[in-house]
Amino acid sequence: MHYFKRYFDFVKPYRWLWIFGILFAIILTGIDLYIPLVLKRFISLFTETPQAREEVLRVIRDMVIVLLIIYIVRAVLRGLTASFNHKVGYGVVCDLREKLYNHLQTLSAKYYSERQTGKIMYKLTSDVHIGEELFAHAFPETVINLIIFFGVSVILFQINFELALFTLIPMPVIAFLIIRFSLKSRKAWRKVQEELADISAVLQDNIVGMNVIQSFTQEKYEEGRFKTESESHFKAAMNAVNTWGTYYPIIEFVAAIGTIMTIWFGGNLVLQGKLGIANLVAFLLYLGFFYNPIISLGRLTELYQRGFANAERIFSVLDAVPEIKDKPGALAISKTCGKEIELTNVGFEYIKNKPVLHELNLKAESGKITALVGPSGGGKTTVIHLIPRFYDPTSGSVKINGVDVRDLKLEDVRRNIALVLQDVFLFNGSIRDNILYGKRDATDEQMKMAAALANAHDYIMDFKDGYETLIGERGVKLSGGQKQRMSIARALLKDSPILLLDEATSSVDTETEHLIQQALERLTKNRTTLVIAHRLSTIQNADKIIVLEKGRVVEEGTHDNLMSRKTLYSKLYKVQFKPQEKNTQGL
Ligand SMILES: Nc1ncnc2c1ncn2[C@@H]1O[C@H](COP(=O)(O)OP(=O)(O)OP(=O)(O)O)[C@@H](O)[C@H]1O
Ligand SMILES: [Mg+2]
């Protein structure tokens with residue numbers, strides 16, 4: 001119930017539409033209930049106390065006029081109620097989806113590293129749709145069915161008390177069946193949703209990795225894996241539907257027994273002269289109305305159970321607490337002074353009790369280039385992740401200008417940092433959109449200048465559409481070197497005082513490497529740069545080189561100074577840059 005209350009908060013902005021939608025539906029129900037009464041009167045015109053022909057014709061004419069008006073009102077209200085209720089339903093879906101998305105943007109790297117993209121996507125696309133079913137269909141129908149049920153009960157008892165008591169006999173059985181069914185159904189529907197989300201996760205992964213599947217000729221294997229997932233959903237869906245399939249016919253049958261008993265008993269009452277024919281016909285017409293709402297309520301229970309199952313999944317996203325957020329009274333970063341980065345006694349673990357960094361101390365001086373080198377898996381990228389607070393350290397502190405980043409405004413910290421990552425991520429859109437990501441309000445001039453400094457302008461102009469060229473999902477239509485230069489252009493445009501650079505290890509030709517190198521030199525100028533260096537030239541330019549191994553700083557100094565010591569750095573350096581053996585792997 002707790003989840004439904006939260007769901008209802010999303011209806012608040014639409015409450016008047018919703019109330020009117022339901023009100024119109026209630027009037028419609030009243031009309032539907034009124035019509036058998038008109039029919040009853042119509043029949044009694046011919047079966048009861050004979051009246052003058054003119055009188056009968058006059059009553060019939062009046063009835064026709066009234067019915068015509070009623071049906072016009074009914075048509076108008078039917079249109080309005082459908083439109084109002086759907087507007088509420090889809091409005092709730094839309095608002096909920098936006099709220100979920102906004103919340104997703106506040107969640108940190110840890111949240112995403114523990115979840116599958118496809119499953120999160122499923123919650124925002126499919127799961128939220130239950131909102132439409134609940135608010136446009138289930139709730140209004142519940143109100144209507146309850147009104148019909150009670151309204152018809154009153155009418156039936158008014159027509160004939162004894163006969164009405166008869167119709168109530170199957171009720172306890174029906175109620176029992178519906179309660180049993182609703183308990184079973186919720187569990188079954190939760191399973192269906194989970195299975196569907198699994199399919200979505202596998203699909204997302206496989207579509208992105210289609211090249212890998214095809215190049216490793218793993219189609220058969222993936223086909224099997226997908227089949228398993230798909231069939232699990234099939235089984236879960238069949239199980240959920242079968243619950244309904246078992247209970248629904250039984251409920252309907254019990255209701256039919258009620259009708260049969262009424263016919264039997266009602267017929268006897270007519271024969272005994274205790275009940276008029278018009279009344280019996282009206283009674284039987286209303287009887288249809290009587291059991292239907294109960295059966296519908298049973299069906300609606302199923303919808304509510306699905307709603308509960310989905311609400312749990314949706315609200316679990318909204319309930320995920322952002323781990324990385326501003327402290328109350330977080331400080332702004334001063335615009336004028338230099339930006340020095342310092343890590344003091346930093347310990348970090350992604351997984352509990354599996355430390356990746358140990359008591360790490362390092363300093364990147366303002367306006368200088370500090371290089372991080374070391375064997376793969378040593379924790380270099382992890383260090384870079386701690387500065388813009390993708391993760392917070394488990395112990396120790398990360399400071400900018402002597403202030404712990406956790407005491408600073410998160411937005412300020414990130415605004416002061418430009419990141420160029422190992423794995424360049426570009427958005428599906430034009431080159432212009434992607435460069436402007438660095439600064440949305442940059443002028444055309446500024447954008448082109450950034451591209452030129454990043455040595456990207458020339459290749460961009462070689463494209464037929466220039467800056468408007470669409471680069472495809474994640475920039476698939478660009479080469480590795482082109483993507484790197486675009487990400488440098490984006491960082492140049494951002495023009496932040498701190499630059500964190502995780503150089504790509506993938507090899508590019510010497511000419512491109514030279515272009516990238518030149519772009520990087522321009523980028524690092526006058527910035528506090530922390531670079532994970534994989535290229536000889538960057539290392540030689542660095543003011544300081546820090547060697548990381550297994551999460552610890554093992555040595556630091558300038559290139560010459562470290563080379564003269566003949567320790568880890570000089571060993572790594574020699575292995576990588578042996579002239580006869582062009583090894584381009586990470587240093
Ligand atoms: N999200 C994560 N969850 C759990 N462990 C992680 C995660 N990211 C990295 N690690 C682990 O942390 C350690 C350090 O990884 P990191 O990416 O910092 O290495 P690196 O020095 O950048 O290596 P490379 O030179 O290969 O890029 C590795 O052992 C890695 O397995
Ligand atoms: Mg790395």
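The conversation below takes up the model, its domains, its cores, its sheet and its ligand.

Author: This is a predicted model, in which local features need pLDDT of at least 70 and side-chain atom pairs count only at pLDDT 80 or more, while totals for chains, interfaces and linings use all residues. Residues are numbered from 1 along each chain as its sequence is written, and chains are lettered from A and ligands numbered from 1 in the order in which they are written.

Reader: How do you know into which domains the protein is divided?

Author: The bounds come from an automatic or database domain assignment, and they give domain 1 (2-318), domain 2 (327-416 + 499-510 + 528-587) and domain 3 (426-495). Taken over C-alpha atoms, the centres of domain 2 and domain 3 are 26 Å apart.

Reader: What makes a set of residues a nonpolar core, and which residues have the most contacts inside the largest one?

Author: A nonpolar core is a set of buried Ala, Val, Leu, Ile, Met, Phe, Trp, Tyr and Cys residues joined through C-beta atoms within 7 Å. The largest has 68 residues, with Ala371 and Ala489 making the most contacts inside it. Helix α17 (residues 480-494) gives the most to this core, six residues, and at least three residues are drawn from each of domain 2 and domain 3. A second, separate core of 32 residues includes Val88, Phe135, Ala188 and Leu196.

Reader: What does Ala489 touch?

Author: Two residues are in contact if their C-beta atoms, placed from the backbone, lie within 7 Å. Not counting residues up to four places away in sequence, Ala489 touches Ile435, Ala450, Ala451, Ala454 and Ala456.

Reader: Why is Lys110 called partly exposed?

Author: A residue is buried if 20 or more other C-beta atoms, placed from the backbone, lie within 10 Å of its own, exposed if 12 or fewer, and partly exposed in between. Lys110 has 14 other C-beta atoms within 10 Å, and is therefore partly exposed. Lys110 has its place in helix α4 (residues 109-113), where helices (H or I, at least four residues) and strands (E, at least two) are DSSP runs, numbered from the N terminus. Not counting residues up to four places away in sequence, Lys110 touches Glu323 and Tyr391; Lys110 and Glu323 are 213 residues apart in sequence and 8.4 Å apart in space, C-alpha to C-alpha.

Reader: Why do β6 and β10 stand at the edges of the sheet?

Author: Two strands pair if DSSP finds at least two bridges between them. The open sheet has six strands in the order β6-β7-β8-β3-β9-β10, with mixed pairing. β6 (417-420) and β10 (552-557) each have a single partner strand, so one side of each is left without a neighbour in the sheet.

Reader: How do you know that β6 and β7 pair, and in which sense do β9 and β10 run?

Author: Four bridges join β6 and strand β7 (residues 498-502) in the parallel sense, with Ala418 opposite Leu499 in β7. Five bridges join β9 to β10, which run antiparallel, and Val547 has Glu555 in β10 as its bridge partner. In the hairpin of β9 and β10, with two residues between the strands, Lys550 takes a positive phi near 50°.

Reader: Which residues are the closest around ligand 1?

Author: A residue is near a molecule or strand if its C-beta atom, placed from the backbone, lies within 6 Å of it. There are 12 residues around ligand 1, of which the closest are Tyr350, Ser376, Lys380, Thr381 and Thr382. The largest share of this shell, three residues, comes from α12.
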